[in-house]
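Trainee: I would like to learn how to read a structure like the one below. Please give me the general idea before each case.

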Amino acid sequence: LAFIGLITGSTLYAELHPCWSTLAKALSLPTSAITLPELLSVPAWLMVMALLLFLLPLLWRWYGQGKLQKPAVVDGYLQPWQVAIGLALVSATFLLVIGLPMGITTSFSKLGAMLLQLVAPEYCATLVYFQKQSFQYVPSMGGGVVTGAPGPLLDGVALVQFPLISGILAGSAWSAISLGEWRMQFRLPLRQVLSALLGGVIMGLASRMTPSCNVWHMLGGLPVMGLQSILFIAGMLPGAWIGGILLTRLVVPR
């Protein structure tokens with residue numbers, strides 16, 4: 001249900017793109033700097049060292065207090081520090097092999113555009129967003145320039161993101177099967193159905209309005225201290241906190 005909502009929201013954004021892009025340009029930061037080191041005119045390595053000097057003592061203190069180990073609440077639970085190291089290694093490997101950070105949400109627009117083209121090809125062709133080139137880069141392992149767009153084409157976006165989405169789905173399924181939790185549930189509470197659909201639509205819209213998703217910003221932009229990603233995280237944290245309150249009070253109340 002959430003996956004359907006993600007595709008729906010990402011596709012709906014194509015209708016809002018002209019207005020939103022105008023607003024985004026009007027609200028853009030008055031600087032040409034892309035990263036925080038560029039904005040402050042300091043070497044990136046110096047800022048990384050400053051962060052390490054701040055974070056390492058903090059991590060050491062948490063380690064001494066036993067705060068890095070959390071009580072297991074479900075089967076198959078991984079400690080947060082284990083997940084952090086695993087995601088960092090996966091993200092770094094992906095970046096070195098593919099040549100750009102991990103991301104998946106442009107493919108949701110692409111899937112929506114493919115479905116829209118089947119039912120309303122003429123209308124799909126009028127949406128400017130689907131004609132917009134999303135990225136252009138040279139893969140680390142060679143092979144020439146790769147381009148991609150959110151439109152209904154099997155291009156560079158599909159080449160990079162479709163396998164990643166398939167891997168996420170396959171890994172999730174394998175985890176559920178290995179823990180004995182693979183089973184279909186059709187009789188769902190209405191509030192959970194609406195929450196999943198609505199949440200997916202909002203996430204799909206937000207991933208295009210930002211642009212990019214939490215995967216791209218957290219594992220791609222934040223490590224290089226991108227200004228856009230820092231602002232994204234600053235908005236995501238209070239949003240996740242408010243969302244958690246709404247979830248426990250309205251959707252799955254205790």
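Mentor: Start with the naming of elements: helices (H or I, at least four residues) and strands (E, at least two) are DSSP runs, numbered from the N terminus. With that naming, S212 lies in the loop between α8 and α9. Residues are numbered from 1 along each chain as its sequence is written, and side-chain values use heavy atoms, with hydrogens and water left out. The model is predicted, so local features need pLDDT of at least 70 and side-chain atom pairs count only at pLDDT 80 or more, while totals for chains, interfaces and linings use all residues.

Trainee: How many helices and strands does the protein chain have?

Mentor: The protein chain has 10 helices and 2 strands. Read from the N terminus, the order is α-α-α-α-α-α-β-β-α-α-α-α. The C-alpha trace spans about 65 × 55 × 40 Å along its principal axes.

Trainee: Is S212 buried or exposed?

Mentor: The cut-offs are these: buried means under 20% relative accessible area, exposed over 50%, and partly exposed in between (1.4 Å probe, protein chains only). S212 counts as buried because its relative accessibility is 17%. S212 also has a positive phi, about 85 degrees, although it is not a glycine. S41 is another residue other than glycine with a positive phi, near 60 degrees. S41 lies in the loop between α2 (36–40) and α3 (44–64), and counts as exposed because its relative accessibility is 64%. Of the 254 residues of the protein chain, 28% count as buried.

Trainee: Which residues does a cis peptide bond join?

Mentor: The bond joins T210 and P211, with omega at about -10 degrees. P211 lies in the loop between α8 and α9.

Trainee: What is S109 in contact with, leaving aside its neighbours within four places in sequence?

Mentor: Contact means heavy atoms within 4.5 Å. Apart from those neighbours, S109 is in contact with S10, Y129, F130, P150 and R208. S109 lies in helix α5, and counts as buried because its relative accessibility is 0%. For the protein chain, take contacts between residues at least 6 apart in sequence: 59% of them join residues at least 24 apart.

Trainee: At what angle do α5 and α7 pack?

Mentor: Axes are lines fitted to C-alpha atoms, for helices over the stretch in contact, and angles run from 0 to 180 degrees between N-to-C directions. Angles under 35 degrees count as roughly parallel, over 145 as roughly antiparallel, 65 to 115 as roughly perpendicular and the rest as oblique. Helix α5 (residues 105–119) and helix α7 (residues 156–178) pack at about 105 degrees, with their axes 9 Å apart. That makes α5 roughly perpendicular to α7. From α5 the contact includes F108 and L111, and from α7 it includes F162 and I165.

Trainee: What is the volume of the largest pocket?

Mentor: On a 1 Å grid over the protein atoms alone, a pocket is an open set of points where a 1.4 Å probe fits, with protein on both sides within 12 Å along at least five of seven lines; lining residues have an atom within 4 Å of a point. Grid points are joined across faces, edges and corners, and a volume is the space filled by probe spheres set on the points. The largest pocket has a volume of about 1500 Å³. Of its 43 lining residues, the closest to its centre are L6, I104, M203, N214 and V215. Helix α8 (190–209) gives the most to the lining, with 10 residues.
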